[in-house]
Amino acid sequence: MTTLTVEHPTDPRRTNGSLPPVPPEGGGGDGPDRDPAPRRPPLDNVRLAMLFLICAEVMFFGGLVSAFLVLRVTAAVWPPPLQPRLPVGVTAVNTLVLFASSVAMAAARQALRRDDARALVRRLGLAAGLGGAFLLVQGYEWVRLVSFGLTLSSDAYGTTFYSLIGAHAAHVLGALVWVAVVALLAARGRFTDGRTGPLRACAIYWHFVVALWPILFVAVYLI
Amino acid sequence: MSAHSATAHAHVDHARHELGFVRTYIFSTDHKMIARQFLFLGLFMMIIGGLLALIVRWQLAWPETAVPGLGGILKETGGILEPSTYNMAFTMHATIMIFFVIMPILAGAFGNFCIPLMIGARDMAFPFLNMLSFWVTGSAGIIMLSGFFVEGGHAAAGWTSYAPLSAVASYTGVNWGQNIWCISLFIMGVGSMMGSINYITTIINMRAPGMKLFRMPLVVWSLFITAILLLLALPVLTSGVAMLLFDRTLGTNWFKPAGGGEPLLWQHLFWYFGHPEVYILILPAMGIASEILPVFCRKPIFGYHAMAFSMIGIAFLSWIVYGHHMFVSGMSPALGMAFTVTTMIIAVPSAIKTFNWLGTMWGARMQFTVPMLNALAFVSMFVIGGLSGIFMASTPVDIYIQDTYFIVAHIHYVVFGGSIFGAFAAIYYWFPKMFGRMTNPFLGHLHFWGTFVFFNLTFFPMHIIGVGGQMRRIYNPTQYEFLVHQQGWNVFITYSALLLGVSQIPFVINFFWSLFAGKPAPLNPWNANTLEWTAPSPPPHLNWGPTLPTVYRGPYEYSSPESKEDFLPQNVPPVGAAGARRH
């Protein structure tokens, strides 16, 4: 027991938020690198977990897109002659709306970094609003397509279109709820104490959902 | 001790006392309690899966006679299995054993228990997500079991659920059963994703000071790689079962040729998941064996780095071999050749592991404790299962033995002989730490020898009747003239299987007796080096007192000349090192 105690800054990454670790007192080890001092992980828990969540999501959509491509490539004629064509123009504009929501989300993170709580809430609301607008336009186009006779069960064309775009829409909807909850929490004054994990995770997920869209747009609408 | 750690200590005590019954035992965020929950889930499901297997065996030995004990359930037939019931029994046996026994026990229970304790963390990176992962998986299990009670019975298209058999309700006569199968696996996929994200994040970011990646115990390495495989493989199954469910309920056309779909697509999606899946089932058992062998050989593991890298190699190769399940599904011969070659290459890292286990045992003064015996059974049975795997990797051989009992023998040597013996080894090895009590060695030996002998008597003859032509999943082998002469084997296998079931009774008695009345376990009953043995038995909430252990060396320093004893725990500072431990 010594009286020499060095105050170490709390390392939030190895504590589970419960118990700050006591840093080791130096020395030890069995190689030339005899220093088991605390490491600073390049990515914190939230970023790392979101990265792996995105990996899993990519595999999920990878399954859907590859299945779509198999059916698309083996079909004799695509799209089937009597089915409506997909609304490329409207959807391209809609894609820009979705991109804009990603910009709003990035601006919200900027506001968080500057501790501007009002701008944070406003920009989160803007991101959610643009995402909602994207979904509404998509829904309207779906209603029109259904009225033209393209349904989930009409053939492989309808099956793949509604499944892929619907899977993405479900993810946007889920992310939208998440953004709304985070915006509500931010309005109530959370995230001012530096514990911004849920917000940062939400922002990463939102960017992922936006980035996923152009791939589906090209695969389903354009080729 | 600094003031800093004194407050931390107070925090530990505080956290232990304020949780009520529900937060401690049911909705617990403590990784050790979640591990126990996964273990109980897996063992409970194992009873159901095992009974289903015995029902299948009864039908194969004495076709179309009343199965004892089923008279009350199958009232219309008086206990005789109809073909549809038989299909349901083997489908659900495999589904339950793979998704709700081996995965919860190996990845769920021992993943949760070992990872934080062995890397020196107080809990998982996301304890709440961890709790959610158990309850999502548990609900998937309940949903899966509910399928037995719906109109038309449970899924009956085999655990692989090949389309279009599974995609159209009238083909199997099963309507809601198959839907429930899809829904349950979808939910299970979500639960498993939560778990694997947690495992990977914890291992990367939460290791104790000094716990470098290459000082991690091999079981943690194996769980790390398993979690990566789970993370990347299961979403593909999730997308596949979603498509299958949509085909069945919403009328989509993914797998139905009439609407422009492609039945073979299911096989690609399924096996793209399915082959990493078999390594998900075996890798944790490999890690467990690598952990237990050095402890009871009192020798360092042979080739630690080779062990870690061969697991990485297996994980990588597991993505490019899946086509060997589809040699007869209609595949370009050139592509089949490529899959043959990759499959044979995957035998190389597996052989590296096997020879390293042998190298660990070479010249050792082995202690034949119950966990050690189970680990040895794992190594030897894995060799048999692995070698028959090389047979069927070769396309010309596989075309002959495809869908025969040879395949059934192979998968059971790998999954029962491998994974289940690994699970038993892990249960006996970590029971003292998990529950704070020792198991009874006599009952343990009885259980091990019964299981080992009757396992081999059950599954080895399946190679013979498989080469003799008996098809997998047939309802009644005596209907085929060319199989009648093998019926004696079928009867023999069923007797062995029944005795294999009886051999599990000592395990159940031992487990529950030891849970309540076993000898209290000391801190480190096996004189092992890894960090979990430095925590109390059972470890309290947050695992260690105020100070986390500091790691100074790798996990397998047995019989080291540096130490007077024959083991040198990871957290003991080297003699004469600067700043040796003062606590």
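Does B:Leu446 count as buried, exposed or partly exposed, and why? B:Leu446 counts as partly exposed because 18 C-beta neighbours lie inside 10 Å. On this scale a residue is buried if 20 or more other C-beta atoms lie within 10 Å of its own, exposed if 12 or fewer, and partly exposed in between, with C-beta atoms placed from the backbone. B:Leu446 is found in helix α15 of chain B.

The structure is a predicted model, in which local features need pLDDT of at least 70 and side-chain atom pairs count only at pLDDT 80 or more, while totals for chains, interfaces and linings use all residues. Residues are numbered from 1 along each chain as its sequence is written, and chains are lettered from A and ligands numbered from 1 in the order in which they are written.

## Chain B as a whole

Chain B contains 18 helices and zero strands; helices (H or I, at least four residues) and strands (E, at least two) are DSSP runs, numbered from the N terminus. For 583 residues, a compact globule would have a radius of gyration near 25 Å, and the 24 Å of chain B agrees with this. That radius is taken over C-alpha atoms, and the globule rule is 2.2 Å times the number of residues to the power 0.38. Along its principal axes, the C-alpha trace of chain B spans about 75 × 50 × 50 Å. Of the 583 residues in chain B, 58% are buried. Among contacts in chain B between residues at least 6 apart in sequence, 81% join residues at least 24 apart; two residues are in contact if their C-beta atoms, placed from the backbone, lie within 7 Å.

## Domains and core

The domain assignment of chain B gives domain 1 (82-295 + 304-320) and domain 2 (365-542), with bounds that come from an automatic or database domain assignment. The C-alpha centres of the two domains of chain B lie 20 Å apart. Their contact takes 26 residues from domain 1 of chain B and 26 residues from domain 2 of chain B. On the side of domain 1 that touches domain 2, the elements of chain B giving two or more residues are α4 and α9 (263-297). The largest share of that side, 11 residues, comes from α4(B).

The largest nonpolar core has 238 residues, and those with the most contacts inside it are B:Val220, B:Ala289 and B:Ala425. Such a core is a set of buried Ala, Val, Leu, Ile, Met, Phe, Trp, Tyr and Cys residues joined through C-beta atoms within 7 Å. Helix α4 (residues 83-119) of chain B gives the most to this core, with 24 residues. The core draws at least three residues from each of domain 1 and domain 2 of chain B. Leaving aside its neighbours within four places in sequence, B:Ala425 is in contact with residues including B:Ile288, B:Ala289, B:Ile292 and B:Phe378.

## Helix α18 of chain B

The 13 residues of helix α18 (residues 505-517) of chain B should span 18 Å at 1.5 Å a residue, and the end C-alpha atoms are 17 Å apart, which agrees. The expected span is 1.5 Å times one less than the number of residues. The buried residues of α18(B) are B:Pro506, B:Phe507, B:Asn510, B:Phe511 and B:Ser514. Seen down the axis of α18(B), these residues fall within an arc of 135 degrees, so they line one face of the helix; the arc is that of the directions from the helix axis to the C-beta atoms. What covers the buried residues of α18(B) includes α14 (405-435) and α15 (441-467) of chain B. On the other side of α18(B), B:Phe512, B:Phe516 and B:Ala517 are exposed.

## Chain A and backbone details

Chain A has five helices and zero strands. Of its 223 residues, 31% count as buried. Among contacts in chain A between residues at least 6 apart in sequence, 72% join residues at least 24 apart.

| Peptide bond | Omega |
|---|---|
| B:Ala163 to B:Pro164 | near 5 degrees |
| B:Ser537 to B:Pro538 | near -15 degrees |

B:Pro164 is found in the loop between α5 (127-146) and α6 (169-172) of chain B, and B:Pro538 in the segment after α18 of chain B.

A:Asp115, a residue other than glycine, has a positive phi near 60 degrees. A:Asp115 lies in the loop between α2 (88-113) and α3 (117-147) of chain A and counts as exposed, with 11 C-beta neighbours inside 10 Å.
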